[in-house]
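This report describes one protein model with its ligand. Please look at the sequence and the structure before reading on.

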Amino acid sequence: KKKVLVLTGGGDCPGLNAVIRGIVKRAAQTEDWEVIGSIQSFDGVLREPTEIMELTEKRVSGIHFQGGTILGTTNKGGPLAWPVKENDGTWSFIDRSDEMIRKLKHMGVEAVISIGGDGSQRISQALFEKGLNVIGVPKTIDNDLSATDYTFGYQTAVQIATEAVDRLVTTAASHNRVIILEVMGRDAGWIALSSALAGGAEVCLIPEIPYDLNKVLGVINKRFKDGKGHVIIVIAEGAKPVEGDVLAQESDEVGRANLKLGGVADKLLKDLKAAGCDADMRETVLGHLQRGGVPIAFDRILATQFGVKAMELALEGEFGKMVAYQHPSIVAVPFLEAISKYNIIKPDSSLVKTARGIGMCLGN
Ligand code: F6P
């Protein structure tokens, strides 16, 4: 039988198991393909002995609503930068990609399906250029990949963040408080703006629109003056003020901010206090709750569609491409197109216009 190897890389996200199940069930419709999985991204292939899981229909039965990934994942290292501890305790990184490609050939692997975010798609492109038959599946709660209308996992994260806003509204209203909710999203504000809209927050601060602290303070003062008594502020972890003290953030190799959980919520609360805000304020950092647990129906369906399409590309011998959702179709786009730019919120987009249309403060 021909072998397709599946792996999940980068941070986990709801729906990964539904993709794996989709791949295995589509392969099972053929006579001549079998599916195996590499544990913790490509690491399972590179480890000695290898860590590979047989993925039969029985093994994937009922996993579509389980959170996480049955294959495990990692956002460190990988075949292009494998970490090696030196004698002096420092780490260096070596390229093991050629060795890995040889190993995969030896194992009889005809095709690799890599389920991951932008970092994984970049690794896939590099491996494809070296001759590996790779297909990509876009995954991230951040929804920041440009070639696809949505990544799976994003809508589940929005649902969880919305539930958080709903809960914070009732406690904030009971105590006449300002509550700041920090959500994930890296350099994109999709989770923040969507949950702020769905939950009815008064203020939403996103990376795409640098915020003016005085505008936020103005909303708080007006709400309390008008007797409305509470304010919910949703802030994306990558949000930054127009000027002044920007949080010290390092950038990774592709120039994206490395963010610290709670950093922006904390900064905003302290800055508001320093600017004279005397409201009773609290902060909540939603963190990894946005990534764990069961995917909502939308993400299970999208993930299954992605899994089936990825397996079909393998059957057709179409490599170097990432599956994508471009309404109403599931399509395949070259990796190079998929990784050429990020999908961030445009300040003149309909979501921004709707938020402004209901009077939500976006910090400018
Ligand atoms: O990319 C997904 C994501 O959850 C981001 O929203 C967040 O910035 C980052 O991963 C957190 O990564 P880690 O789980 O490694 O802390």
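## Ligand surroundings

A residue counts as near a molecule or strand if its C-beta atom, placed from the backbone, lies within 6 Å of it. The ligand is surrounded by Gly-11, Asn-75, Gly-117, Thr-140, Ile-141, Asp-142, Met-184, Gly-185, Arg-186, Glu-237, Leu-259 and Arg-291. This shell has three nonpolar, five polar and four charged residues; Ala, Val, Leu, Ile, Met, Phe, Trp, Tyr, Cys and Pro count as nonpolar, Asp, Glu, Lys and Arg as charged, and the others, Gly among them, as polar.

## Basis of the model

The model is predicted: local features need pLDDT of at least 70, side-chain atom pairs count only at pLDDT 80 or more, and totals for chains, interfaces and linings use all residues. Residues are numbered from 1 along each chain as its sequence is written.

## Overall fold

The protein chain has 12 helices and 13 strands; these are DSSP runs numbered from the N terminus, helices being H or I with at least four residues and strands E with at least two. The C-alpha trace spans about 70 × 50 × 30 Å along its principal axes.

Of the 364 residues, 47% count as buried. Buried means 20 or more other C-beta atoms within 10 Å of the residue's own, exposed 12 or fewer, and partly exposed in between, with C-beta atoms placed from the backbone.

## The parallel sheet

Four strands form an open sheet with parallel pairing, in the order β9-β10-β8-β11; two strands pair if DSSP finds at least two bridges between them. The edge strands, β9 (203–205) and β11 (280–285), each pair on one side only. Strands β8 (residues 177–183) and β10 (residues 231–236) run parallel and are joined by six bridges. In this pair, Val-183 stands opposite Ala-236 in β10.

Helix α6 (residues 154–175) lies across β8, β10 and β11, at about 165° to β8. Helix α8 (residues 213–225) touches β8, β9 and β10, and its direction makes about 160° with that of β10. Contact means C-beta atoms, placed from the backbone, within 7 Å; axes are lines fitted to C-alpha atoms, for helices over the stretch in contact, and angles run from 0 to 180 degrees between N-to-C directions.

## Backbone details

The Glu-48 to Pro-49 peptide bond is cis, with omega near -5°, and Pro-49 is in the loop between α2 (43–46) and β3 (52–54). The bond from His-327 to Pro-328 is also cis, with omega near 5°.

Gln-40, not a glycine, has a positive phi of about 55°. Gln-40 is partly exposed, with 19 other C-beta atoms within 10 Å.

Technical notes: Two residues are in contact if their C-beta atoms, placed from the backbone, lie within 7 Å.
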